[in-house]
Amino acid sequence: MFNDPPYHTVVRKLISGAFTPRKLAEFEPLIDGIVDSLLDRVEDLGELDLIEDFAKVLPTEIISFMLGIPEEYRARLRGYSLAILGALDPVVPAERLAEGNRAVKEFGEILGDLIDHRRRNREGAHEGEVLESLIFGEHEGRRLTQEELIQNCIFLLNAGHETTTSFVGNSIGLLMDNPDQHRMLLDDPDLIGPAVEEFLRVESPLQIGNRLAGEDIELSTGVLPKGTYIHTSIAGANRDPAVFEDPDRVDITRRPNRHIAFITGIHVCLGASLARIEGKIALGKFVRRFPKLAANGPRTRVPLARFRGYATLPVRVR
């Protein structure tokens, strides 16, 4: 992610083998089953914290399948993800940086053992697992090294866990805050596709991107010299009034919707298609099953600058 060609090209091609259309097709019934099971639990609860009881469990189960993570480690995944992502804010206290490094070390050791096990037991991979593709995939005779495997699996956790949790939580929050849009989606379930795009635009889980100027960049206010470290505002771009009419208004029928929640260019998110599938299935089924969705207490936000999501989101579904 933080490299340019030629290294970026080679490693991205090796990783993208785990996100082929065939692999994505395997995920759909897997996601369907996970969502149905979670919705059964939500119905039994009636009143719940949407983050704790639904939004964070969904990506935990999906990523665990993808990476072949055993049940005993799954409860730790969100803690690892939050610790690592918390160390990526523009300004990071020493204690938070240390927590992030500890999470990388601990999760890296677990992944190393899982990778070694899968190398020795290739036939044990289950449907939907991408770890096998990452380990044995080749591009022009090149395979990912052990270090590349571990670090990119950590990246897959971070890219797909907290962002998906926040995406689902933010979307449900927006529906409750905009009852006219909620009613529109209830009346026309086929709007789930454009609704997903609008939720990604209005409250992008990733708010800030990083770039390093590879050459001098001329702006109207001056020149950014080569080597300048740049924080780009994804959230600001997605509210650009020159691109989006009435940008602060939630409109699930908005077309076109040229948001950049997944960035663009050679660094476009590898998991964008998977995230959209997750969103359409999880949000579509949730809305249809619980049309009486309502807020059930005050919400709290995750205290991070780079990422936007809820820490708690109390709801009532009946």
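Gly 137 lies in the loop that joins helix H8 (131-136) to helix H9 (146-160), where helices are DSSP runs of H or I with at least four residues, numbered from the N terminus. This is a predicted model, in which local features need pLDDT of at least 70 and side-chain atom pairs count only at pLDDT 80 or more, while totals for chains, interfaces and linings use all residues. Residues are numbered from 1 along each chain as its sequence is written, and side-chain values use heavy atoms, with hydrogens and water left out.

With neighbours within four places in sequence set aside, Gly 137 is in contact (heavy atoms within 4.5 Å) with Leu 14, Glu 132, Arg 142 and Arg 143. Between the C-alpha atoms of Gly 137 and Ile 63, which are 74 residues apart along the chain, the separation is 19 Å.

## Nonpolar cores

A nonpolar core is a set of buried Ala, Val, Leu, Ile, Met, Phe, Trp, Tyr and Cys residues joined through side-chain atoms within 4.5 Å; buried means under 20% relative accessible area, exposed over 50%, and partly exposed in between, with a 1.4 Å probe and protein chains only. The largest such core has 82 residues, and Phe 54, Leu 134, Ile 172, Phe 199 and Phe 286 have the most contacts inside it. A second, separate core of six residues includes Leu 85, Leu 206, Ile 234 and Phe 307.

## Cysteines

Taking a disulfide as a pair of cysteine sulfur atoms within 2.5 Å, the count is zero. Cys 153 is in no disulfide, and the nearest cysteine sulfur, that of Cys 269, is 15 Å away, too far for a bond. Cys 153 is buried, with a relative accessible area of 0%, whereas Cys 269 is partly exposed at 29%.

Conventions: Helix = DSSP H or I, 4+ residues; strand = E, 2+ residues; numbered from the N terminus.
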